[in-house]
Amino acid sequence: MSAPSPFPLTPSHIPVIAIDGPSASGKGTVAQRVARQLGFHYLDSGALYRIVALAAERAGIEWGDGDSLATLAATLQIVFEGDDIFLHGENVSTVVRSEAMGKGASEVAVHQALRSQLLNVQQIFRREPGLVADGRDMGSVVFKDAEAKVFLTAGSQVRAERRYKQLIEKENHAILAHVLADIEARDARDKSRASAPLIQCDDALFLDTSQLTIDEAVEKVLQHYRHTN
Ligand code: CDP
């Protein structure tokens, strides 16, 4: 898997803001904006699991076969360029962000062998002047020593409505009840798995965005980060 220079692996003096939370909580949008405002790098860790799901499907590897997924992940050449994601030079941004790959990601993400394989890949994103990382285990596993941790969430109905709107814009078709059922199934899988389940860290700021605009959520994360400095 291609990534910037592997040394040093975890330079702990470089600040990290770890934003974890359930599906469609808005953490991706908030994390990107916080990164932009601070001039920090951004890691969309979910994209890595999505890419593995896609590459496995193409290679004929079952999403349930953790060891083969880990072996496959070690061979993948992934490049993030702005909003674009390249796998072995091919722009896979659209398919990687599809609902099918979101489901695939949550299935491949249960395997500890794969999670271990992706650990260093994620830590290598910690570069000067800082990193904003979003996912499920940024604060609990990957960047345990993060300067600021945020658990960003919203009610499942609100999240389903947000995801439904995105799907209508993107794919012109969606059924709200199905979107809600998918989100609840993904929440249950992410929270109940044995490896790195989605949890709120004790030292994380709890941020429910059900009643917040994106700008308000961004501001609260920035305030939390400034407060920890
Ligand atoms: O966009 P959305 O929040 O729906 O999904 P995502 O952040 O792209 O993550 C897709 C799936 O990857 C999640 O449902 C998790 O199962 C898994 N994931 C994970 O296990 N650990 C991470 N750090 C990030 C994502």
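**Group meeting: pockets, helices and a few backbone exceptions**

I'll start with the second largest pocket, whose lining, sorted by class, has 3 nonpolar, 1 polar and 5 charged residues. Here Ala, Val, Leu, Ile, Met, Phe, Trp, Tyr, Cys and Pro count as nonpolar, Asp, Glu, Lys and Arg as charged, and the others, Gly among them, as polar.

A note on the source: this is a predicted model, in which local features need pLDDT of at least 70 and side-chain atom pairs count only at pLDDT 80 or more, while totals for chains, interfaces and linings use all residues. Residues are numbered from 1 along each chain as its sequence is written, and side-chain values use heavy atoms, with hydrogens and water left out.

Back to the pocket. Its volume is about 170 Å³. The residues that line this second largest pocket are E99, A100, G102, K103, D182, I183, A185, R186 and R189. Two helices, α5 (99–108) and α9 (176–192), each give at least two residues to that lining, and α9 gives the most, with 5 residues. Helices (H or I, at least four residues) and strands (E, at least two) are DSSP runs, numbered from the N terminus. A pocket, on a 1 Å grid over the protein atoms alone, is an open set of points with protein on both sides within 12 Å along at least five of seven lines; a cavity is a set where a 1.4 Å probe fits but cannot get out, and lining residues have an atom within 4 Å of a point. Points are joined across faces, edges and corners, and volume is the space filled by probe spheres set on them.

Now the cavity. The structure holds 1 cavity of 30 Å³ or more, and the largest cavity has a volume of about 30 Å³. Its lining consists of A18, D20, K149, V150, F151, I199, Q200, C201 and A204. Strands β1 (16–20) and β7 (148–153) are the elements that give two or more residues to this lining, with the largest share, 3 residues, coming from β7. By class, the cavity lining has 6 nonpolar, 1 polar and 2 charged residues.

On to the overall fold. The protein has 10 helices and 8 strands. For 229 residues, a compact globule would have a radius of gyration near 17 Å, and the protein agrees, with 17 Å; the radius is taken over C-alpha atoms, and the rule is 2.2 Å times the number of residues to the power 0.38. Along the principal axes, the C-alpha atoms fill a box of roughly 50 × 45 × 30 Å. Of the 229 residues, 48% count as buried. The protein exposes about 10900 Å², 51% of it supplied by carbon and sulfur atoms; areas come from the Shrake-Rupley method with a 1.4 Å probe, and for residues only the protein chains shown count as cover. Among contacts (heavy atoms within 4.5 Å) between residues at least 6 apart in sequence, 75% join residues at least 24 apart.

R36 counts as exposed because its relative accessibility is 62%. Q37 is exposed too, with a relative accessible area of 56%. Which residues does Q37 contact, leaving aside its neighbours within four places in sequence? They are V218 and L222. Q37 and L222 are 185 residues apart in sequence but 8.9 Å apart in space, C-alpha to C-alpha. For R36 and R193, the sequence separation is 157 residues and the C-alpha distance is 32 Å.

Last, the backbone. Most residues other than glycine have a negative phi, and most peptide bonds are trans. A24, in the loop between β1 and α1, has a positive phi near 60 degrees. Is A24 buried or exposed? At 11% relative accessibility, A24 counts as buried. H88, in the loop between β4 (84–87) and β5 (90–91), also has a positive phi, about 50 degrees, although it is not a glycine. H88 counts as partly exposed, at 46% relative accessibility. Finally, a cis peptide bond joins E128 and P129, with omega about 5 degrees, and P129 is in the loop between α6 and β6 (131–135).

Note on methods. Buried means under 20% relative accessible area, exposed over 50%, partly exposed in between (1.4 Å probe, protein chains only).
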